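Please open the structure in your viewer and keep the selection tool at hand.

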Amino acid sequence: MKNINQLGLGIYQDFQLNSEDTIVVAVSGGVDSMTLVTALVSLDTTQRPKIVLAHVNHQLREQSTEEEAYLRQWSRQHSVIMETIKWPMDDHPEHGVENAARQFRYKFFTEIVQKYHARYLFTAHNADDQAETFLMRLVRGGRLSELTGIAVKRDFTPDTVLGRPLLAYAKADLKRIAKANNIQWFEDETNQTNDYQRNRMRHNVVPQLKSENKQFLQHLADYQNQIATDNELIETILKEKIQEISLESKFDLEEYQKQSEAWRLKILAAINERMTSNVELKRQLLLDQDRFLMGETSQGSLDVGQGWRLQKTYDTFYFKNEVPETVKSNDQPMARVLVLNHWFDLNSDQQIMVTDQPMSGNDQLIAKMELTANQIQLPLLLKAALSSIQFRLKGGGHKSVRRELIDQKISNDHRSEFLAIFDQNDQLIWVPNLRKNWLTNKFQPELKKYTVVLKSQGD
């Protein structure tokens, strides 16, 4: 059994830490997080990174106040910075408390890692948490790739990585380490009830599986690693196959029809995710699309939902949004739908795109705006930037497009050239080349990400 210093050194080496790093550690006061942060502070001062404790008092239990007070005392004793926040009781929902608490928690963590320019955010998820998550996803249903489970590392913000250093350790092992090193922790009594699905998995299902085979957690981790490796291989081949059938904004029907059914369904799933992100993707929908594309009719269209149609024209196919590309009403200016993952000519010199794909280096990049799914409602629309449009400001208040144009000394001759990006709910997102809007909802890195990219026209 490792002592606490050995655990700290292992984390130091696995995550290639150094004394110049800043690590924000999410600490609840439970055995997992207390063991994690104690391991980190046990490092020699010449090695130890700057550590910031981030604690959320959810105010769901009477014990929460005692836990917060203890963590404040602990952080003072160990000369560690502590940041804490209370989840207002008025914000507690009647239903979905677990999910709402998680959203509040990660919103706070985002603010803290940005405040301290942290390299890592560490959470204390362990092997039992991994098993519970796997089983919950298995019961819920979905894609095989989702069974890869909790990642040891993943991007959290553009500058911070979310790390889970304890994923290889069972809960029982962490308790033994904590007891052997006299680490004090708190037991959350809400974890003892079966009110939540995770608790039912924790108390009833996982122990039964462990009793069947003591190596259950290790075997599950092995399966997840195999799924992750296979999924990476599939994604590599899939990208090549999509590239082979791509014809700018359309796809080669003949090349598609040469593929096996398994690959055709994979290709369709990937194209649907890129082109029709607001459509619920079910296997039957993919089978219907494949049957349509493999059929004998040379032309036609298939309704796939949410205003989208799959178009088939002789030797090509493509997705088309039934929302007209340009729409107009008596009191609204002309608008154009920004189709996901497609470049649109903003003017003779620039192009713009909204994408849900990772952005690689681009020498022609002018500016970009990173967003998460809670901030916008697709599709995004491009409209004339009327002078009366109001920007929401970070510090509060508003500023009109007209005032911004004046402040930036844009001549009258060029003011009519500016276009504004809105979402489906008519929320202003950005006026490219002028100013970004400060959105009502904050960036939540755990949600699906979108990027609006502005670049110069290529040759």
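A residue is called buried when its relative accessible area is under 20%, exposed when that area is over 50%, and partly exposed in between. Please note also that the model is a predicted one.

Select Asp32 and Lys171. Their side chains meet in a salt bridge, with 2.8 Å from N to O. Asp32 has a relative accessible area of 11%, so Asp32 is buried. Lys171, at 29%, is partly exposed. Because Asp32 belongs to helix α2 and Lys171 to helix α6, this pair ties together parts that are 139 residues apart in sequence.

**Second stop: the largest nonpolar core**

In soluble globular proteins, nonpolar side chains tend to be buried together. Now select Ile11, Leu17, Val25 and Phe122. These residues have the most contacts inside the largest nonpolar core, which holds 34 residues. Next, colour the elements that each supply at least two residues of this core; among them are α1 (4-14), β1 (22-26), α2 (31-41) and α6 (171-180). Which element gives the most to this core? It is α2, with seven residues.

Centre the view on Leu17. Apart from neighbours within four places in sequence, Leu17 is in contact with several residues, including Ile11, Ile23, Leu40, Pro49 and Phe122.

Select Leu238, Ile242, Leu265 and Leu268. They are included in a second, separate core of 23 residues.

Select Arg61 and Glu67. These two residues form a salt bridge in which the closest N and O atoms are 2.9 Å apart.

Select Glu404 and Arg435. A salt bridge joins their side chains, at 3.0 Å from N to O. Glu404 lies in helix α12 (residues 401-407) and Arg435 in strand β22 (residues 435-436), so the pair links distant parts of the chain, 31 residues apart. With a relative accessibility of 6%, Glu404 counts as buried, whereas Arg435, at 28%, counts as partly exposed.

The structure as a whole holds 23 salt bridges.

Methods: Residues numbered from 1 in each chain as written. Predicted model: local features only at pLDDT ≥ 70, side-chain atom pairs only at ≥ 80, totals over all residues. Heavy atoms only, no water. Core = buried A, V, L, I, M, F, W, Y, C linked by side-chain atoms within 4.5 Å. Buried < 20%, exposed > 50% of the residue type's maximum accessible area, 1.4 Å probe, protein only. Helix = DSSP H or I, 4+ residues; strand = E, 2+ residues; numbered from the N terminus. Contact = heavy atoms within 4.5 Å. Salt bridge = Lys/Arg side-chain N within 4 Å of Asp/Glu carboxyl O.
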